[in-house]
Amino acid sequence: MFEFTVDASCGPARAGRLALPHGTVETPAFMPVGTQGTVRALSPNDLRGVGATVVLANTYHLHVRPGEQTIARLGGLHRFMGWDRPLLTDSGGFQVFSLAGNRRVDDAGVEFQSHVDGSHRLLTPERATEIQWLLGSDVAMALDHVVPGDADRVTARDAAERTLRWLERCAQRHRALMADRSAGAPPGAPGAAPAQVLQALWPILQGGTHLELRCEALRRMLELDAWTGLALGGLAVGEPKPVMFELLAALEPRLPPAVPRYLMGVGFPEDLVAAVERGVDLFDCVAPTRHGRNGTAFTADGPLNIRNADYREDPRPLDASCDCEACRAVSRGYLRHLFVAKELLGLRLLSLHNVRYLIRLATEMRDAIRRHTFGSWADDWRRHYLPARP
């Protein structure tokens, strides 16, 4: 369990398989984001239908509502949300960044003011680990301190150091929970995960846009344990994209080749292709569903805004190369009508299409890597997807 196998490579790009308790994930892979136990506008059957093999949920949001104890009593997060494939839970570290006006950070942890009821919640490394244990996800993420992309070196170092200290505490608590389970703690007891669930803990690398900080943090992270995967955090948070890609390229030869590399919060098609070129295996982002709900579709010929009046009487499918429900069943004209009329079906169909697009894109990348033609495939894909520049 938790074994990662690289089946093929083409330069730094890798195609592999990650074995998890609820199934095998072929990589590169995109993980739809189900922050509150649901990918917005999409059912578990929708996700299975478009080929999703792993979904992300968020520790902080599920802790605030409905609460991890409620989810545990209802059988764990898989049963709660009706999803029988792998789940990865983020630790709540991103909310350190996104909810900056409603939190306080120190070495003890993060104190949040709940966006639901105004109550104050202290999320320590131990509590973040315990919450994810109760949720029963296949992969739990260690609590990290995320700073903005333009953070100076002092701020980035402070966050990276704190993330490493928190990682030690997360790992210690996770080992204790695993030991208690091995000793036979009954499911449903305080601190007990749902029955038949195994879980891996993955660390998150921080250091802002400062390569030397990230290299030092990576060295110390790898000294702490033999991790079965690791995440690259604190990117796509405001820094210029070329800076992110330069960091990924510089880090790639330093990353352990035997484990999957997860780039957090990245989900635009062109960014997935560029990151896979630099050795990344896993991605998550709200972009496909958020953009879908706002009328933007990813297509083989680039992004398309279905609200545009040009599509009023357009009989063509949204994307002739796509096999999703939206592309097989209805026209661009009908989809535009749904958005103009503010019908919920439009939000669902474009969200479904965008998730399917990224899953198909990941499949195409895997196939190109296995053919050892990834470089030429990526060049051809960019010619079609990205707008021509004068």
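This is a predicted model: local features need pLDDT of at least 70, side-chain atom pairs count only at pLDDT 80 or more; totals for chains, interfaces and linings use all residues.
Is Gln-132 buried or exposed? Gln-132 sits in helix 6, which covers residues 125–135. Its relative accessibility is 0%, and anything under 20% counts as buried, so Gln-132 is buried. Look around it and, leaving out residues up to four places away in sequence, you'll find it touching Thr-59, Thr-89, Asp-90 and Ser-91 as well as Ser-137, Ala-140, Met-141 and Gln-199.

The buried ones are Pro-269, Asp-271, Leu-272, Val-273, Ala-274, Ala-275 and Val-276. Just past the end of helix 10 comes Gly-279, with a positive phi of about 90°.

Now for the nonpolar cores. The largest has 78 residues. If you want to find your way into this core, try the residues with the most contacts inside it: Leu-232, Leu-248, Leu-263, Phe-283, Leu-361, Phe-374 and Trp-377. Helix 14 gives this core its largest share, 9 residues. Pick Leu-232 and see what it meets: setting aside neighbours within four places in sequence, its contacts are Leu-205, Leu-248, Leu-251, Leu-255, Tyr-262, Leu-263, Met-264 and Val-280. Apart from this core there's another one, made of 20 residues, including Phe-2, Leu-20, Met-31 and Val-33.

Helix 13 (residues 332–340) packs against helix 14 (residues 344–370), with the two axes 7 Å apart and an angle of about 130° between them. That angle makes helix 13 oblique to helix 14. Their crossing is left-handed. On the helix 13 side, the contact is made by Tyr-334, Leu-335, Leu-338 and Phe-339, while helix 14 brings Leu-345, Gly-346, Leu-347, Leu-349 and Leu-350. Sort those residues by class and you get 8 nonpolar, 1 polar and no charged ones.

The loops on either side of helix 14 have something to show too. Most residues other than glycine have a negative phi. Lys-342, in the loop between helix 13 and helix 14, has a positive phi near 60°. With a relative accessibility of 73%, Lys-342 counts as exposed. Then there's His-372, in the loop between helix 14 and helix 15 (374–385). His-372 also isn't a glycine, and its phi is positive, near 60°. His-372 is exposed as well, at a relative accessible area of 52%.

Last stop: the peptide bonds. Most peptide bonds are trans. Here, though, the bond from Thr-27 to Pro-28 is cis, with omega near 0°. You'll find Pro-28 in the loop between strand 3 (23–27) and strand 4 (29–32). Another cis bond joins Arg-65 and Pro-66, where omega is about 10°. Pro-66 belongs to the loop between helix 2 (59–64) and helix 3 (68–73).

Definitions and conventions
Residues are numbered from 1 along each chain as its sequence is written. Side-chain values use heavy atoms; hydrogens and water are left out. Axes are lines fitted to C-alpha atoms, for helices over the stretch in contact, and angles run from 0 to 180 degrees between N-to-C directions. Helices (H or I, at least four residues) and strands (E, at least two) are DSSP runs, numbered from the N terminus. Angles under 35 degrees count as roughly parallel, over 145 as roughly antiparallel, 65 to 115 as roughly perpendicular and the rest as oblique. A crossing is left-handed if the near helix is turned anticlockwise from the far one by less than a right angle, and right-handed if clockwise. Contact means heavy atoms within 4.5 Å. Ala, Val, Leu, Ile, Met, Phe, Trp, Tyr, Cys and Pro count as nonpolar, Asp, Glu, Lys and Arg as charged, and the others, Gly among them, as polar. Buried means under 20% relative accessible area, exposed over 50%, partly exposed in between (1.4 Å probe, protein chains only). A nonpolar core is a set of buried Ala, Val, Leu, Ile, Met, Phe, Trp, Tyr and Cys residues joined through side-chain atoms within 4.5 Å.
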